[in-house]
Number of protein chains: 2
Amino acid sequence: MISMILPLTFLILERMRLGLLCGHLTLRNSECDLMIHDEFDWINKIKPKSHYQSHLLEGIGDDASVYKTDASYDEIICVDTLVEDVHFKKTTLSPFDIGHKALAVNISDVAAMGGWPVFYLVSVAIPSDWSEEEMEELYKGMSSLAEGYKMDLIGGDTVSTTDKLVISVTVTGRVEAGKRLLRKNALPGDIVFVTGSLGKSAAGLALLLKRSRNAHFTAREKRLTIAHQRPRPKVEEARVINSLNTRGALNDISDGIGSEAHEIAEASNVSIELDESSLPIAQELQSVDTAKRLEWMLFGGEDFELVGTVRENDWELLSEAMKKEGLSLYKIGTVKEGRGEVWLKKEKNGLVRLNKKGYNHFKS
Amino acid sequence: MISMILPLTFLILERMRLGLLCGHLTLRNSECDLMIHDEFDWINKIKPKSHYQSHLLEGIGDDASVYKTDASYDEIICVDTLVEDVHFKKTTLSPFDIGHKALAVNISDVAAMGGWPVFYLVSVAIPSDWSEEEMEELYKGMSSLAEGYKMDLIGGDTVSTTDKLVISVTVTGRVEAGKRLLRKNALPGDIVFVTGSLGKSAAGLALLLKRSRNAHFTAREKRLTIAHQRPRPKVEEARVINSLNTRGALNDISDGIGSEAHEIAEASNVSIELDESSLPIAQELQSVDTAKRLEWMLFGGEDFELVGTVRENDWELLSEAMKKEGLSLYKIGTVKEGRGEVWLKKEKNGLVRLNKKGYNHFKS
């Protein structure tokens with residue numbers, strides 16, 4: 001009988017008493033642990049006072065957001081999640097950095113499709129050891145990066161959790177209709193390029209893990225830690241590449257070029273040959289042991305540079321267009337016939353096959 | 001010096017050795033705890049073999065998804081997050097139910113804007129005590145619901161976490177250009193309606209908390225637990241409401257009608273008077289103690305019915321249109337001049353003010 005279970009509804013009633021802080025039925029008292037004491041105040045705090053995008057019809061405040069579309073653009077959408085103590089630690093990233101990075105990784109995905117970012121939505125599960133000030137910093141890290149792209153925050157969800165902070169950011173973007181850039185567009189004979197040097201993020205992480213983010217760093221070390229904490233998505237670069245109407249593949253480097261080059265090679269059903277001596281070496285990594293540096297460069301990840309391919313005949317055109325905008329571009333290899341393999345051309349030992357799963361397999 | 005920190009990079013290298021299971025640099029070994037042993041296999045498992053929506057250009061497989069737009073429709077977007085042991089327990093919801101519910105709450109938000117759902121993206125942080133089979137069930141719970149709406153899964157992120165499962169679902173939808181339904185559209189004189197009886201989800205949760213989901217339930221109890229575990233978003237109802245071109249407010253009931261009516265009253269700057277004797281009582285709750293039942297009906301939440309307002313002159317029209325489609329609609333109150341208050345008209349004691357924060361405040 002229903003009436004028999006009523007004494008056991010205290011959990012529900014308790015949650016009612018506490019207010020509907022995070023929405024929906026909850027099973028436990030954890031919402032009262034949440035450092036955000038009033039959801040409505042909190043939403044008002046993070047809700048933008050104005051918006052950049054004139055096609056936004058309804059932002060935060062109703063059940064969902066609504067925006068106008070324009071058939072001259074295709075819509076891009078992606079989502080990425082960062083978990084405390086898995087993808088970052090409070091000792092490696094400040095709350096501001098975490099916000100910056102959670103948004104940056106998604107903007108980078110939009111760039112890798114040849115587009116530009118427009119809106120973002122933020123879902124965050126917050127444990128009780130995070131203060132409201134820290135959460136505000138986290139949102140500032142996002143809004144400060146978003147501003148540069150005139151992106152609007154248009155939705156999200158704030159819930160409590162019992163353990164680690166989990167932040168999930170959804171980004172929408174646009175690209176001219178039919179002009180998306182895909183991994184599968186590489187063909188044998190193409191030149192492989194990268195938009196910047198690799199390995200700085202991994203080197204920065206190593207420094208942060210050793211000393212923690214509040215330690216003293218030299219100017220050179222600081223540039224490495226910043227590369228890890230505040231990566232710049234390569235939207236400008238992607239837009240230049242897309243503007244030239246050349247055929248080619250594009251990918252962003254979140255997992256290391258070893259893995260990303262495999263994604264292009266597999267999607268395009270070709271092989272990719274990277275030339276070790278052509279890989280640009282960051283000035284900050286010049287003094288590092290060569291083998292370690294190569295590990296970081298090939299498999300470090302989170303540099304968020306773009307790796308792509310372009311027809312040999314279009315290389316000069318692309319190279320000049322980038323130079324004109326003050327952006328870098330390096331030729332690092334070539335596309336060959338194949339079935340998804342990636343090779344590294346060593347200066348002395350010829351070709352070594354790269355395993356997408358990382359350096360250890362690569363060595364064995 | 002950079003070279004001094006090299007011995008401490010084992011964390012990074014260890015992760016490299018383990019493979020780039022979840023993307024990005026990770027700080028700890030937890031990825032090897034993850035029950036999903038190969039990310040590529042996993043993505044292939046959840047990646048739809050075909051898609052329903054012909055305007056989808058790129059689904060899962062590149063850096064982001066891309067779809068065509070059509071200026072005759074506005075885009076709707078929302079995200080909602082469920083956390084294990086906060087919003088559900090493994091003893092109250094099966095993995096299939098969790099998937100169903102995580103998607104349903106978002107579809108309900110799209111319906112509350114007067115639109116229909118089109119695409120979804122799923123971000124999930126998985127602790128090590130979840131098996132691959134459970135995760136497959138969770139995705140089946142989503143795809144089975146999505147199928148009915150011809151929604152396509154077009155993206156997401158799968159990461160590991162150390163403690164509780166966190167699932168964040170983003171849903172996009174469409175509504176005819178300029179025809180979104182908002183909370184702020186209520187005016188004094190409007191009739192307040194609801195699309196179904198309330199309180200069943202809360203009653204179902206109470207049963208599940210007492211006995212756990214594998215217990216024996218009578219047919220009547222089963223209907224209550226199902227109301228909690230597998231709510232049906234009211235998309236058909238929303239579409240009928242939207243088709244009539246009448247002015248009115250609309251909201252879905254995730255937090256209880258007490259809270260949702262406040263949202264309409266505040267957004268529209270009116271007061272709402274709910275008539276206790278008009279609230280439809282579920283057959284399954286007829287035998288429940290009256291005071292307890294009223295608590296569930298007003299503040300239980302998660303019924304995912306729609307609450308809205310319509311011009312008095314349009315009530316018959318709307319009511320007939322719903323009946324024609326075999327859908328229910330109940331008149332439960334009226335809109336008055338006011339400043340965001342919600343009142344409950346008691347059969348004997350006149351008007352009692354409802355506090356949006358729940359029953360306890362309401363009582364005091």
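Mentor: Helices and strands here are DSSP runs, the helices (H or I) of at least four residues and the strands (E) of at least two, numbered from the N terminus. This is a predicted model, in which local features need pLDDT of at least 70 and side-chain atom pairs 80 or more, while totals for chains, interfaces and linings use all residues. Residues are numbered from 1 along each chain, chains are lettered from A and ligands numbered from 1 as written, and side-chain values use heavy atoms without hydrogens or water.

Trainee: What makes a space a cavity, and how many of 30 Å³ or more are there?

Mentor: On a 1 Å grid over the protein atoms alone, a cavity is a set of points where a 1.4 Å probe fits but cannot get out, and lining residues have an atom within 4 Å of a point; the structure holds 4 of 30 Å³ or more.

Trainee: Which strand gives the most to the lining of the second largest cavity?

Mentor: S4(B) does, with 3 residues, and the lining includes B:Ser123, B:Val124 and B:Ala125.

Trainee: Which residues of helix H10 of chain B are buried, and why are they said to be on the same side?

Mentor: Buried means under 20% relative accessible area and exposed over 50% (1.4 Å probe, protein chains only); B:Trp315, B:Leu318, B:Ser319, B:Ala321 and B:Met322 are the buried residues of this helix, which spans residues 315-324. They cover an arc of only 160° around the axis, and therefore lie on the same side of H10(B), the arc being that of the directions from the helix axis to the C-beta atoms. On the other side, B:Glu316, B:Lys323 and B:Lys324 are exposed.

Key:
1 Å grid on protein atoms, 1.4 Å probe; cavity = no way out; pocket = protein on both sides within 12 Å on 5 of 7 lines; lining within 4 Å. Points joined across faces, edges and corners; volume = space filled by probe spheres on them.
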